[in-house]
Amino acid sequence: MALATGDDLLHYDPEDFAPEPEGFLPKVKNPEVRAWALEVHALWKNLSRKVSDGVLEQPELHTLLPLPEAVVVPGSRFIEVYYWDSYWVIRGLLASKMYETAKAIVTNFIFLVDTYGYVLNGSRAYYTNRSQPPLLSAMVYEIYNRTCDVELVRKALPALLKEHAFWNSEIHKVTIQDAQGCNHNLSRYYAMWNKPRPESSTKDKESASKFLSNSEKQQFYRDIASAAESGWDFSTRWMRNTSEFTTLSTTSILPVDLNVYILKMELDIAFMANVLGNKATMESFLEAAEARKKAINSVFWNGEMGQWFDYRLANGTICKESETWQACNQNQNVYASNFIPLWIDLFHSDAALVENVMGSFQSSGLVNVAGIATSLINSGQQWDFPNGWAPLQHMIVEGLLRSGLKEARSLAEDIAVRWINTNYVGYKKTGAMHEKYDVQKCGESGGGGEYIPQTGFGWSNGVLLAFLEEFGWPEDRSIGC
Ligand SMILES: OC[C@H]1O[C@H](O[C@H]2O[C@H](CO)[C@@H](O)[C@H](O)[C@H]2O)[C@H](O)[C@@H](O)[C@@H]1O
């Protein structure tokens with residue numbers, strides 16, 4: 001199977017693109033920032049693609065999958081659509097009033113669920129062994145909120161039910177018994193693959209060379225592919241020993257963020273079922289969400305530290321029976337993902353808890369001069385310090401904002417302004433938006449990991465436009481570091 005591509009995905013002119021859409025970023029008053037925002041908005045044209053007729057007619061000859069609608073790609077080496085990236089692309093498209101482009105992306109993902117049972121990591125044949133952080137419901141929810149398109153919800157709901165079943169299937173679901181003897185079901189990343197990733201085969205074989213037995217190698221390959229499924233490829237988050245890559249054990253970890261995304265899926269499904277008048281589905285998904293919230297608080301929450309920690313399973317293999325919760329299995333390293341529950345309104349009902357989490361976040365060391373760091377460990381991996389990623393900034397900022405606390409709102413705005421400044425300075429220096437940034441140095445792109453830093457860049461553009469839409473930029477506020 002050839003991995004190289006060329007003429008399989010063609011440039012596409014989105015029909016709903018306008019150089020300056022009506023009502024675009026009404027709160028951005030500063031002319032310099034407005035001019036830049038319009039340039040970033042124009043990047044949607046550069047990043048729009050459609051599958052060629054050749055692929056649609058003979059898909060078996062291509063690694064690219066025959067998606068029916070146009071897509072927006074991240075950029076540079078990432079020349080196909082990616083799953084979780086698309087949530088932030090869509091947030092930006094909504095700010096750009098490109099509702100049809102946003103719906104087309106969702107239609108493609110529904111097609112993938114219909115075909116494979118889940119949304120793939122990306123639209124290539126070599127990504128058919130895994131998914132990525134499941135945010136399809138969040139995409140549909142945001143589009144519906146802007147467009148009130150009930151037909152979209154009707155089309156999406158069956159796919160969302162299927163996707164929910166995928167993430168709660170036997171390989172993904174793990175049961176943990178808490179100190180009171182109550183069982184909780186949570187989900188983990190678990191790629192259906194125990195070989196080197198086809199897109200990075202040489203690297204994976206090299207990394208696995210220290211393992212002697214075939215079964216160790218296979219487990220390691222599965223943990224690599226599962227880390228790719230998490231979107232955090234790679235990070236010390238998945239390593240038992242943070243200085244040794246080969247201790248990667250993604251499948252033996254219950255991740256906070258994944259369970260937050262599934263909780264959001266449950267709430268979104270309940271919301272959409274209600275829109276369609278399907279009360280039984282609504283009620284059963286509200287119950288499922290309540291149960292997952294309880295599980296998140298029983299297994300991940302640490303009141304003393306004011307954070308939710310990933311949970312390490314003692315037995316990494318598929319457990320048929322429940323495993324008993326032990327405090328020492330919480331991974332107490334600080335990661336931005338420890339604060340992702342803030343993104344969900346269900347966690348805002350207790351003001352004292354939100355204050356505790358906010359205090360813990362402020363003193364965590366994650367908030368830096370140019371944004372939120374991914375972790376505190378400088379491992380050389382791209383999902384670690386000092387890299388900051390647009391999606392993580394966005395979820396935490398939006399979470400703080402929605403919490404309703406006054407101080408949380410000003411912290412959210414402060415972080416958004418730092419992020420906008422670093423994006424701006426980086427753009428003026430290089431002429432590009434970057435995949436990730438160095439949060440220690442304003443205007444610097446991030447680095448590390450297995451490939452050179454990429455530009456383009458779908459989710460960074462989306463988060464920038466979403467921040468500018470939310471917070472605006474006053475006429476008299478200067479931009480830069
Ligand atoms: O080719 C290496 C890996 O590249 C992707 O991961 C990174 O880029 C994605 C697109 O922006 C992003 O979704 C992911 O969070 C990044 O870590 C790909 O998703 C991996 O599967 C792939 O192995």
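1. A quick term to start: two strands pair if DSSP finds at least two bridges between them. Strands themselves are DSSP runs (E, at least two residues), numbered from the N terminus.

2. Please keep in mind that this is a predicted model, where local features need pLDDT of at least 70, side-chain atom pairs count only at pLDDT 80 or more, and totals for chains, interfaces and linings use all residues. Residues are numbered from 1 along each chain as its sequence is written, and side-chain values use heavy atoms, with hydrogens and water left out.

3. Have a look at E2 (residues 48–51), which pairs in the antiparallel sense with E1 (residues 9–11) over three bridges. Here Leu9 has Val51 as its bridge partner. E2 also pairs with E3 (residues 71–72), again antiparallel, over two bridges, and Ser48 is partnered by Val72.

4. Next, find E4 (residues 173–177) and E5 (residues 183–187), an antiparallel pair with five bridges. Val174 stands opposite Leu186. The two strands form a hairpin with five residues between them, and Gly181 in the turn has a positive phi of about 85°. E4 pairs with E10 (residues 323–324) too, but in the parallel sense, over two bridges.

5. Which distances separate polar side-chain atoms of Arg77 and Trp84 from oxygen atoms of the ligand? For Arg77 the distance is 2.7 Å, and for Trp84 it is 3.1 Å. A polar side-chain atom of Asn121 also lies 2.7 Å from a ligand oxygen.

Definitions and conventions: Helix = DSSP H or I, 4+ residues; strand = E, 2+ residues; numbered from the N terminus. Polar contact = N/O pair within 3.5 Å; in protein donor to acceptor, adjacent residues only side chain to side chain.
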